[in-house]
Amino acid sequence: MERGNHTSVSEFILLGLSSQLERQELIFGLFFVMYLVAAAGNLLIILAVGSDSHLHTPMYFFLSNLSLVDFCFISATVPKMLMNIQMQIQSISYGGCLAQIYFCILLANMDNFLLTAMAYDRYVAICHPLHYSIMMSLQICALMLGSSWLIANFHSLLHTLLMARLEFCASNVTPYFFCDLIPLLQLSCSNTQLNQLMILLVGGLIILIPFLGILVSYIHIVSAVLKVPSAQGKQKAFSTCGSHLTVVILFYGTITGVYLSPSSSHSAEKDSPASVMYMVVTPMLNPFMYCLRNKDIKGALRKLLSLKALFCR
């Protein structure tokens with residue numbers, strides 16, 4: 001296609017999850033409640049961990065960071081979608097779209113790395129309890145967190161800059177509720193082979209390597225727990241990993257289906273529910289999964305809420 005036929009795109013149209021007015025009202029109510037629940041749940045975990053000195057351990061350090069990332073993750077897309085429904089508009093600026101891409105990739109990567117760090121923490125606690133304080137020292141935890149942010153920023157910046165070089169022709173309409181890589185690549189009239197290659201190679205490695213780390217950690221954990229003679233000891237060890245394992249399955253199952261499947265298999269009907277799962281449902285469920293199975297978090301939350309009630313009197 002000749003360059004003269006190209007048009008400059010100043011905004012994109014997000015069709016959202018439904019074009020019917022009745023459904024949009026239902027979607028608004030549902031997503032508004034999910035956002036409030038996710039925000040309250042994740043912020044409560046951050047406050048609970050910060051206010052209780054007994055929870056100033058590597059496990060809860062990573063959990064509070066995961067809650068912060070999940071709060072930011074859901075805040076990167078849902079408020080804009082709610083505003084569009086409320087104001088009966090569907091547009092997002094070109095710059096706003098690139099910003100959404102950057103933050104969504106950044107925060108998804110951080111979810112990925114933090115889940116891996118938490119798996120490693122459980123591996124060290126169960127398989128090497130005598131060396132836990134050395135292997136999970138404050139310096140090592142800070143290094144793991146800092147390197148995660150650095151790699152996540154590099155990866156999100158790479159895809160954002162590659163997206164910014166593309167040109168868009170006839171259509172600027174995407175049948176999704178936020179700006180995502182795959183749908184925008186399908187709208188571009190430029191050559192997107194480099195973008196798709198980077199998604200498969202760099203994105204694949206960033207998802208695969210941490211996932212393999214989690215898998216290896218759990219293989220060692222299961223092997224160590226099976227050697228524990230008492231049934232009570234086994235149950236206690238597995239209970240500390242159950243909630244984390246549930247989150248891992250939910251996160252990797254949906255994000256792999258969206259980004260690492262062949263481009264020919266992508267469609268709004270299949271990808272939208274998966275996107276809602278890992279961008280909205282998972283951040284909302286994470287606080288419940290960790291709180292319901294964790295006595296320490298529940299105890300810290302009770303203290304926090306009782307303190308709040310005391311100040312409100």
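Is Cys-141 buried or exposed? I looked it up before anything else. Cys-141 is buried, with a relative accessible area of 4%. I note here that the model is predicted.

**Entry: the whole chain**

I started with the outline. The protein chain has eleven helices and three strands. Reading along the sequence, I wrote down the pattern β-α-α-α-β-α-α-α-β-α-α-α-α-α. The protein chain has 313 residues, and 47% of them count as buried. I then looked at contacts between residues at least 6 apart in sequence. Of these, 79% join residues at least 24 apart. The accessible surface comes to about 15800 Å². Carbon and sulfur atoms account for 69% of that surface.

**Entry: helix α6**

I went back to Cys-141, which is listed among the buried residues of α6. Helix α6 covers residues 138-164, so I counted on the 27 residues given by the DSSP runs. From its first C-alpha to its last, α6 reaches 39 Å. That is close to the 39 Å expected at 1.5 Å a residue.

Which other residues of α6 are buried? I found Leu-145, Ser-148, Ala-152, His-155, Ser-156, His-159, Thr-160, Leu-162 and Met-163. An α-helix has 3.6 residues a turn, so residues three or four places apart point the same way.

What covers the buried residues of α6? The cover includes α2 (58-75), α4, α7 and α8 (193-226).

**Entry: the cysteines**

How many disulfides does the structure hold? I found one. Cys-97 and Cys-179 form it, with their sulfur atoms 1.9 Å apart. Cys-97 lies in helix α4 (residues 94-127). Cys-179 sits in the loop between β3 (173-174) and α7 (181-187). The pair therefore ties together parts that are 82 residues apart in sequence.

I checked the handedness next. The torsion about the S-S bond is about -115°, so the disulfide is left-handed.

Why does Cys-97 count as buried? Its relative accessibility is 1%, and buried means under 20%. Cys-179 also counts as buried, at 1% relative accessibility. Cys-72 is partly exposed, with a relative accessible area of 32%.

**Entry: the salt bridge**

I searched for salt bridges, and the count comes to one. Asp-121 forms a salt bridge with Arg-122. The closest N and O atoms are 2.8 Å apart. Side chains of opposite charge can pair when their charged atoms come close. Are these two residues buried or exposed? Asp-121 is buried, and Arg-122 is buried too.

**Entry: Gln-88**

I turned to the backbone. Phi of Gln-88 is near 55°. That is a positive value in a residue other than glycine. Where is Gln-88 placed? I found Gln-88 in the loop between α3 (78-87) and β2 (91-93). Gln-88 is exposed, with a relative accessible area of 51%.

**Entry: a nonpolar patch**

Which residues make the nonpolar surface patch of about 430 Å²? I listed Leu-208, Phe-211, Leu-212, Leu-215 and Ile-219. Leu-208 lies in helix α8. Leu-208 is partly exposed, with a relative accessible area of 43%.

Note on methods: Residues are numbered from 1 along each chain as its sequence is written. This is a predicted model: local features need pLDDT of at least 70, side-chain atom pairs count only at pLDDT 80 or more; totals for chains, interfaces and linings use all residues. Side-chain values use heavy atoms; hydrogens and water are left out. A salt bridge is a side-chain nitrogen of Lys or Arg within 4 Å of a carboxyl oxygen of Asp or Glu. Buried means under 20% relative accessible area, exposed over 50%, partly exposed in between (1.4 Å probe, protein chains only). A disulfide is a pair of cysteine sulfur atoms within 2.5 Å. Helices (H or I, at least four residues) and strands (E, at least two) are DSSP runs, numbered from the N terminus. The expected span of a helix is 1.5 Å times one less than its number of residues. Contact means heavy atoms within 4.5 Å. Patches are made of residues with over 30% relative accessible area and no salt bridge: like charges are joined within 9 Å, nonpolar side chains (Val, Leu, Ile, Met, Phe, Trp, Tyr) within 5 Å. Accessible areas come from the Shrake-Rupley method with a 1.4 Å probe; for residues, only the protein chains shown count as cover.
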